Amino acid sequence: MFYSLTAKLYQNGMVGMKIKKNLTFRLMLGVGLIIVCMSGIGLACSIIQYQNQAEAEMKEKAAVIAQQLLATRAFIAQNQDLINYDQNGNFHFKHLNPAAVGRGLSYIFKQNTGYWMKQTRLNARVSGNEPDAFEAAKLTYLSANPEVKEIWGYDVVEKERVFRYLFPLKYEQDCLTCHGDPKGEIDISGFPKEGGRIGEFAGALSIVFPTQILENNIKNNILLQLLFAIAILIPAIYMVYRIMDKIVIIPVKALTQKISELGDSGWEVSIDPELSYDEIRKLGVAFNAMAERIQNSHALLEEQVEDRTSMLKDANRLLAEQSKELSKMNARLSETDRLKSEFLAVMSHELRTPLTAIIAFSETLLGERRELSALQSEFLNDILESARSMHMQINDILDISKIEAGLMKLCSKEVDIRDLLDEIARTMGHLFEKKGIQFSIFIHSETPSLEADFDKLKRIMENLLSNAVKFTPEKGTVTVSVNPCQSTGIDQLQIVVKDSGIGIEAEDIPYIFDRFRQSGSGGENSGSGLGLSIVQSLVALHGGNISVDSIPQKGTAFIIHLPICQKKELLEP
């Protein structure tokens, strides 16, 4: 009903915006929901009150009927002599004892009112007084709880909802004539006595009457309240709409129009706040203040834009000049790079050739020990070691230049790691012997051959072992272990070079492969600082990776993982 009302208001032009986004509609909806909720709560309370009132009325009515029936039974019991003796004193039982009179009254009462009542007990004398299931349960409860004065409830009898009331009965003096001692003796009405005592539970008066009339009254009252709530809801929604339209909607529309004009009229827009009320008036005052600030800001912004535009032009002009200078510098750098390459090429020939001759002549002279004194041999050894060191550093510089230029290529072929390590052990054996270092090689029996560049792989191992010798004290140990493994589904070879040297500090490990960074602290361990960088580059060129694990003063381990089969694009054509 509420939504149909809203639809009619919308069709009649009372809702000017889309309903779901209309402030008036939302407020009306809120008010309507509040009224509906409050009416619902009131209706629920009324239903509970009506039900309680109806139950109280039915209980009171049943109690009055029970008292009337008890009064009738008491009167009959007290006048049994008058009923059963004639004026001559002759006794003739008329069968008008309290039970018989109660049954007769119940029959007449039911015929006239639709209510029925009976005296019932668990062991009834007459079949018409036998308890039904409801009465049997209540009689059992009353027998076990003698302090209960009455009991009631609801039931369905012959598909009709009824109210049931039971009033407990107790034996009195007049009852003992038929229900007292001696137990089992046949009383005047022809039934055996029960042997009852005064005050004992004797059964109950059961009164039953339908609830339909009272329930209909409750339904009618609820319907009236519902109609009353609807009658209040419609005018309330209409009044809310009228109030909202005058106090809120019209001022808000005016304010909205001014806001839409704000950018089209040179920012000179204002509204009359006196045309609105309370908070809307405050909103109008705030809008005027905002419009004034926007106008001032707009003027200031235009000035700033002009200044910034001028500065941007100057910056663009300066940038263009700097771009020209940068182009010139790039050209000079390109020329410098070309000259560096030419210089390195010259150094490759001019330095390595005499160094090779120095090394060869030194080795030749050392081979003829009979013609040299001890001092001369010592000098020749120093010359040889210095020449070899310089030759290695020059090779490092040339190799790193090739790597930077992307000119380093692999010449891969099948390499047996055992042959490679045997050759290294022969060529570097004198270094280990000189410092008394124990050098060991461990190769797993199932280690396969791998595709690699023999010379570059040899260079990797020589650099790592040279470092190991350099940083391992005398009588230390250096080991190389080789094991096949698998990582991310690729067959790999793991090579570990481990020494018992001075180790690497934890803060130096992230930078250990940087170029021109030396591991150690100078002195006899100084070098070009390119060895490990070259190792890392050559390992990466093979598609592998290298990591380091070190404990200061305990030793260092370099772990290399190389794929057993190289990718074809890494091979030289």
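User: I'm looking at the open sheet of 4 strands; what is the order of its strands, and which pairing does it have?

Analyst: The order is 1-4-3-2, with antiparallel pairing. As for terms, strands (E, at least two residues) and helices (H or I, at least four) are DSSP runs numbered from the N terminus, and two strands pair if DSSP finds at least two bridges between them. Strand 1 (116-120) and strand 2 (151-157) stand at the edges with a single partner strand each, so one side of each has no neighbour in the sheet. From one strand to the next, the twist averages 25°. Angles here run from 0 to 180 degrees between N-to-C directions, with axes being lines fitted to C-alpha atoms (for helices, over the stretch in contact).

User: How should I treat this model and its numbering?

Analyst: It's a predicted model, where local features need pLDDT of at least 70 and side-chain atom pairs count only at pLDDT 80 or more, while totals for chains, interfaces and linings use all residues. Residues are numbered from 1 along each chain as its sequence is written, and side-chain values use heavy atoms, leaving out hydrogens and water.

User: Over how many bridges do strand 1 and strand 4 pair?

Analyst: Strand 1 and strand 4 (residues 201-210) pair over 5 bridges, in the antiparallel sense. Look for lysine 118, whose bridge partner in strand 4 is serine 206. Helix 5 (residues 133-144) packs on this sheet and touches strand 1, strand 2, strand 3 (160-170) and strand 4, its direction making about 35° with that of strand 3. Contact means heavy atoms within 4.5 Å.

User: What is the mean pLDDT of the protein chain?

Analyst: pLDDT is the predictor's confidence in each residue, from 0 to 100. The chain's mean is 78, and 84% of its residues reach 70 or more.

User: Which residues lie nearest the centre of the second largest pocket?

Analyst: The general idea is that rolling a probe the size of a water molecule over the atoms shows where empty space is left. On a 1 Å grid over the protein atoms alone, a pocket is an open set of points where a 1.4 Å probe fits, with protein on both sides within 12 Å along at least five of seven lines; lining residues have an atom within 4 Å of a point. Here Arg73, Pro98, Ala99, Cys175 and His179 lie nearest the centre, out of 39 lining residues. Helix 2 gives the largest share of that lining, 5 residues.

User: And the open sheet of 5 strands, what is its order?

Analyst: That one goes 6-8-9-11-10, with mixed pairing. Its edge strands, strand 6 and strand 10 (545-551), each pair on one side only. Strand 9 (residues 490-499) and strand 11 (residues 555-563) run antiparallel, joined by 8 bridges. Valine 496 has isoleucine 559 as its bridge partner in strand 11. Helix 12 (residues 454-471) packs on the sheet, its direction making about 25° with that of strand 9.
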